[in-house]
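Subject: Handing over the structure

Hi,

Here is the structure I promised to pass on to you. Have a look at it first, and then read on for what I found in it.

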Amino acid sequence: LDCCAAPGGKTRQILAKLNGSGFLLSVEKSKSRAKKLQTLLKNEIESGIVEVLACDARDLKKKFGRNFDRILVDAPCSGLGLRPRLNVPKSVPVESLQQCVVFSTCSVTIAENEQNVSWLLQNDSRLVLEKQNPHIGDVGVTVEGLTRENADLLQRFHV
């Protein structure tokens, strides 16, 4: 499951990794961006390996009743250090999660990264951090509720 999927770069990378097997559901809240994504993925949609939905991820359980092995959340962020509107039990269908959630932002702020990870871990006991290979960024910053051990599992990139 690829949440916040437009403009489609990560969706295409996931599809390349699937190498023609499996299925990817790409969800984009903006109808106009979802339409552009559908145009970009026309061949993949026709082959049945991807479906693009124009909807809010909070509505997925009603619209698409299936479990997901992995979930990518490239959450919208302000780039100004403001916390994105993220409420995991409501906005990400974690009740259908079986393996992995990837949380990513384009911001370098602690408020939009480490503080969100801390909040996620404190608010859903099913979520745990795992070692990523390769680990190519710097380690994360410790914040309230995020241990040094957990911060070391994060990848932080600076401009």
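In which sense do strand β1 and β2 pair, and over how many bridges? Strand β1, which covers residues 2–3, pairs with β2 in the parallel sense, and 2 bridges link them. Before I go further, please keep in mind that this is a predicted model.

**The chain as a whole**

The protein chain has 7 helices and 5 strands. Followed along the sequence, they come in the pattern β-α-β-α-α-β-α-β-α-β-α-α. Of the 159 residues in the chain, 40% are buried. The chain exposes about 9800 Å², and carbon and sulfur atoms supply 51% of that area. If you look at contacts between residues at least 6 apart in sequence, 64% of them join residues at least 24 apart.

As for confidence, the chain averages a pLDDT of 80, and 81% of the residues score at least 70. Please treat residues 80–94 with care: pLDDT stays under 50 there, although the model has 38 contacts beyond four places in sequence for this stretch.

**Around β2**

Ser26 is a handy landmark here. Ser26 is the bridge partner of Asp2, and Val52 in β3 is also a bridge partner of Ser26. To get from β1 to β2, the chain passes through helix α1 (residues 9–18), and this β-α-β crossover is right-handed.

Why is β2 described as largely enclosed by the rest of the structure? The reason is that 5 of the 5 residues of β2 are buried. Both faces of β2 are covered: Leu24, Ser26 and Glu28 are buried on one side, and Leu25 and Val27 are buried on the other.

**The nonpolar cores**

In soluble globular proteins, nonpolar side chains tend to be buried together. In this model, the largest nonpolar core has 12 residues, among them Leu1, Cys3, Leu25, Val27, Leu53 and Cys55. Also in this core are Ala57, Leu60, Phe68, Ile71, Val73 and Ala75. The largest share comes from β4, with 3 residues.

A second, separate core has 9 residues, including Ala5, Leu24, Ile49 and Val52.

**Some backbone details**

Cys4 has a positive phi of about 55° although it is not a glycine. With 28% relative accessibility, Cys4 counts as partly exposed. Pro7 is joined to Ala6 by a cis peptide bond, with omega about 10°.

Another cis peptide bond joins Asn133 and Pro134, and here omega is about 0°. Pro134 lies in the loop between α6 (114–123) and α7 (148–152).

Asn19 is in the loop between α1 and β2. Its phi is near 50°, again a positive value in a residue other than glycine. Is Asn19 buried or exposed? Asn19 is exposed, as its relative accessible area is 68%.

**One last pair**

Finally, take a look at Phe103 in strand β5 (residues 97–104). Phe103 is partly exposed, with a relative accessible area of 22%. Phe103 and Leu72 are 31 residues apart in sequence, yet their C-alpha atoms are 6.4 Å apart in space.

Enjoy exploring!

Best wishes

Terms used
Residues numbered from 1 in each chain as written. Heavy atoms only, no water. Core = buried A, V, L, I, M, F, W, Y, C linked by side-chain atoms within 4.5 Å. Buried < 20%, exposed > 50% of the residue type's maximum accessible area, 1.4 Å probe, protein only. Helix = DSSP H or I, 4+ residues; strand = E, 2+ residues; numbered from the N terminus. pLDDT = per-residue confidence, 0-100. Contact = heavy atoms within 4.5 Å. Areas by Shrake-Rupley, 256 points an atom, 1.4 Å probe, with all protein chains shown as cover. Pairing = 2+ DSSP bridges. Right-handed = clockwise from strand over helix to strand, strands pointing away.
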